[in-house]
Amino acid sequence: MSIDVRAYLKPHVHMSLEERLALVKRRFADESHISVDQDAFRADPQKAVLFICPAQVFKHNLDDDSCIVNYEDCLECGTCQVTRRYTTWNNPRGGYGVTYHYG
Ligand code: SF4
């Protein structure tokens, strides 16, 4: 497989996060493969997990100061596992999750 370097170096087209996420092929399982220790989340003054996920999976529910996990958007990058210990991430069940296309 060859790569067209000129095409690769063209300026990136502006796309919203939602448009980019729509390009990733995913198959959703019924249950989340990510969980959050809600007490630890509430105790984190920086709530860092809200800012480190490239897919913005984690949202702050201001009504009860909890963390909402939109696991369907997960890109399986693993970043949430190295930044804070109150998230638990497992591989999606076999046959589920993201499928990347290279090239
Ligand atoms: S693995 Fe990556 S994309 Fe998925 S929730 Fe964690 S930081 Fe977000």
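**From a loop residue to the core**

Reply: This is a predicted model. Gly-94 has 7 C-beta neighbours inside 10 Å, so it counts as exposed.

Me: Where is Gly-94 found?

Reply: Gly-94 is in the loop between E5 and strand E6, the latter covering 97–99.

Me: What is Trp-89 in contact with?

Reply: Apart from neighbours within four places in sequence, Trp-89 contacts His-33, Ile-34, Cys-80 and Gln-81. As for Tyr-71, 18 residues away along the chain, its C-alpha atom is separated from that of Trp-89 by 9.9 Å.

Me: Changing topic: what surrounds the ligand?

Reply: The ligand is surrounded by 13 residues, and the closest are Cys-53, Cys-74, Cys-77, Thr-79 and Cys-80. The shell divides into 10 nonpolar, 2 polar and 1 charged.

Me: Which residues make up the largest nonpolar core?

Reply: That core has 11 residues in all, including Cys-53, Cys-74 and Cys-80, which are also among the residues closest to the ligand. Other members include Val-36, Phe-41, Val-49, Val-57, Phe-58, Cys-67 and Val-69. Val-57 is in contact with Val-69 and Cys-74, and also with Ile-34, Asn-70, Tyr-71 and Asp-73, leaving aside its neighbours within four places in sequence.

Me: How does E4 pair with E3?

Reply: E4 pairs with strand E3, residues 58–61, in the antiparallel sense over 4 bridges. Within this pairing, Cys-67 is the bridge partner of His-60. The two strands form a hairpin with 4 residues between them, and Asp-65 in the turn has a positive phi of about 55 degrees.

Me: Which residues have a positive phi although they are not glycine?

Reply: Among them are Gln-56, at about 55 degrees, and Glu-76, at about 60 degrees. Gln-56 lies in the loop between helix H4 (49–52) and E3, while Glu-76 is in the loop between E4 and helix H5 (79–83). Gln-56 has 14 C-beta neighbours inside 10 Å and counts as partly exposed; Glu-76 is also partly exposed, with 14 other C-beta atoms within 10 Å.

Me: Stepping back, how many helices and strands are there?

Reply: The protein has 5 helices and 6 strands, in the order α-α-β-β-α-α-β-β-α-β-β along the sequence. Its radius of gyration is 16 Å, well over the 13 Å that the globule rule gives for 103 residues, so the protein is more spread out than a compact globule. The C-alpha atoms fill a box of roughly 50 × 30 × 25 Å along the principal axes.

Me: What share of the residues counts as buried?

Reply: Of the 103 residues, 13% count as buried.

Terms used:
Residues are numbered from 1 along each chain as its sequence is written. This is a predicted model: local features need pLDDT of at least 70, side-chain atom pairs count only at pLDDT 80 or more; totals for chains, interfaces and linings use all residues. A residue is near a molecule or strand if its C-beta atom, placed from the backbone, lies within 6 Å of it. Ala, Val, Leu, Ile, Met, Phe, Trp, Tyr, Cys and Pro count as nonpolar, Asp, Glu, Lys and Arg as charged, and the others, Gly among them, as polar. Two strands pair if DSSP finds at least two bridges between them. The radius of gyration is taken over C-alpha atoms; the globule rule is 2.2 Å times the number of residues to the power 0.38. A residue is buried if 20 or more other C-beta atoms lie within 10 Å of its own, exposed if 12 or fewer, and partly exposed in between; C-beta atoms are placed from the backbone. Two residues are in contact if their C-beta atoms, placed from the backbone, lie within 7 Å. A nonpolar core is a set of buried Ala, Val, Leu, Ile, Met, Phe, Trp, Tyr and Cys residues joined through C-beta atoms within 7 Å.
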